[in-house]
Amino acid sequence: MAVKLRTPLSREDVLKLRAGDIVHLSGEIVTARDSAHRRILSLPREELPFNPEGAVIYHCGPVVRKKPDGWEIVSAGPTTSSRMNRYLDRILGLGVRGIIGKGGMNPEPFRGRAVYLAFTGGAGSLAAESVKRVKAVHWLDLGVPEALWVLEVRDFPLIVAIDAHGESLYK
Amino acid sequence: MSLLVEALVEAIRLAVTRIPDDTVEALKRAYEEENSRIARFNLENILRAIEIGRERSIPVCQDTGTMTFFIRAGIESPFLKELEGAIIEAVRKATLEVPLRPNAVDVLGGRNSGDNTGKGVPIIHWELDKGDEVEIAVFPKGGGSENCSALAMLTPGEGWEGVRRFVVERVRACGGKPCPPVIIGIGVGGGADYSLKLAKRALLRKIGERNPDKEIAKIEEELLEEINALGIGPMGMGGKTTALDVKIEVAHRHPASFPVGLVVQCWANRRAFLRLKPNGRVEVWQ
């Protein structure tokens, strides 16, 4: 049975989850990769284009298509999260409660406050089916893959790969 | 010229939207063998993503990679002068039309060129041959698996035992990062640069297609077994299938050196081929 969750996530939401649980996530998520992480951490909190409290960050650089009335997400699987390990503790310190990615991260910073949710790497065409619309895009000067895409997702199927109790599925 | 560009765009589209049949079969076999719920969750997602890519003609993986081309050019082909320009134009067109993710950024400022071209990109490997036909392999190479590539300059005394240790250790260290189940390309001999090129080109072979040399074929099979015994599994969350295949290519080496190039390919095993006849006819296949 999948656990249904909606963003923003509370501390209670994440403490209930255990490694191996399937989660269907709905609501707003924000993509960020290497450059966006550096920019998030270089700015004062009030200048961030999203509210980090309870937020879920998706390690993803999508394939997009420009439409007359906005953007379409064509393919949007996760990128390798371990590249973002160096920013993890400070990112979670902003109040971020969930990271979506693939390949795993250092488990320690998640303890007591956040979870790592894995999606299948490479399955970008399937992930895009959960994206209902692009709510906004920021920092396109970083390039399409590195920009901050604010996405609305519905029932995004994810697996709790690192929980807030120190458990990890990675071998 | 424009026909050649169109055919190249089609080959790029084929490579990124359609995972080849031999790979799909291998993934289905892996799915049948796994009994862990989590390994099956990942393999099910992989197989569905492949179906969606085919049905909707969209890139299966959002990382459409660095566009890489291996050309075997017959020196009597009338098209040699046009090839490089046609490839660059095709990459620009494919970026808009398929679409592809713009993945070429400059090394100093990290600025994105926006169209997958730039200094040295797309990457084109040339090899001259006899005859009047040109064969081009289209190979979009994703970054996550590419980051697990490595070079070892072993001593000749370490030899093939050293190759085994190096490859298995590297695959273990990479865990789920390169999106397993992976395909492992290994190049032995030739020098530092050439061993890596051999390793990458080896990945163009079909799953199950062994090196024609029986002894090398045996090492491929043994390494495959050893890698799968690691238990890394689909996406690094445990399971029986870590690699779908191991491909080894060799060249003679300097007596003092034993270079080993290792290139990892994720399950999104993208490739397409194109043949250009002297009369301008083009065939595209996978």
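At 27% relative accessibility, Arg65(A) counts as partly exposed, where buried means under 20% relative accessible area, exposed means over 50%, and partly exposed is in between (1.4 Å probe, protein chains only). Its partner is Glu72(A): the two side chains meet in a salt bridge, 3.6 Å from N to O. A salt bridge here is a side-chain nitrogen of Lys or Arg within 4 Å of a carboxyl oxygen of Asp or Glu. Glu72(A) is partly exposed as well, with a relative accessible area of 22%.

Before we go on, a word about what you're looking at. This is a predicted model, where local features need pLDDT of at least 70, side-chain atom pairs count only at pLDDT 80 or more, and totals for chains, interfaces and linings use all residues. Residues are numbered from 1 along each chain as its sequence is written, chains are lettered from A and ligands numbered from 1 in the order in which they are written, and side-chain values use heavy atoms, with hydrogens and water left out.

Back to the charges. Side chains of opposite charge can pair when their charged atoms come close. Over all chains, the structure holds 40 salt bridges. Hop over to chain B and you'll find one between Lys93(B) and Glu97(B), with the closest N and O atoms 3.5 Å apart. Both residues lie in helix H4 of chain B, 4 residues apart, which is about one turn of the helix. (Helices, H or I with at least four residues, and strands, E with at least two, are DSSP runs numbered from the N terminus.) Lys93(B) is partly exposed at 26% relative accessible area, and Glu97(B) is partly exposed at 37%.

Now try a pair that reaches across the chain. The side chains of Arg210(B) and Asp245(B) meet in a salt bridge, 2.6 Å from N to O. This pair links distant parts of the chain, 35 residues apart: Arg210(B) is in the loop between H7 and helix H8 (214-228), while Asp245(B) is in strand E6 (residues 243-250). Arg210(B) is partly exposed, with a relative accessible area of 22%, but Asp245(B) is buried at 1%.

Next up, the cysteines. A disulfide is a covalent bond between the sulfur atoms of two cysteines. The search used a cut-off, counting a pair of cysteine sulfur atoms within 2.5 Å, and it finds 1 disulfide over all chains. That bond joins Cys148(B) and Cys174(B), their sulfur atoms 2.5 Å apart. The torsion about the S-S bond is about -120 degrees, so the disulfide is left-handed. Cys148(B) sits in the loop between helix H5 (143-146) and strand E4 (150-154) and Cys174(B) in helix H6 (residues 159-174), so the pair ties together parts that are 26 residues apart in sequence. Both of these cysteines are buried. What about Cys179(B)? Cys179(B) is in no disulfide, and the nearest cysteine sulfur, that of Cys266(B), is 5.9 Å away. Cys179(B) is buried, with a relative accessible area of 7%, and Cys266(B) is buried too, at 9%.

The whole structure has 1 cavity of 30 Å³ or more. A cavity is found on a 1 Å grid over the protein atoms alone, as a set of points where a 1.4 Å probe fits but cannot get out; a pocket is an open set with protein on both sides within 12 Å along at least five of seven lines, and lining residues have an atom within 4 Å of a point. The largest cavity has a volume of about 60 Å³, the space filled by probe spheres set on the points, which are joined across faces, edges and corners. Among its lining residues are Cys174(B), Pro178(B), Ile232(B) and Val264(B). H6(B) gives the largest share of the lining, 3 residues.Finally, look at the second largest pocket, with a volume of about 370 Å³. It is lined by 16 residues, of which Phe70(B), Arg72(B), Glu135(B), Arg201(B) and Leu204(B) lie nearest its centre.
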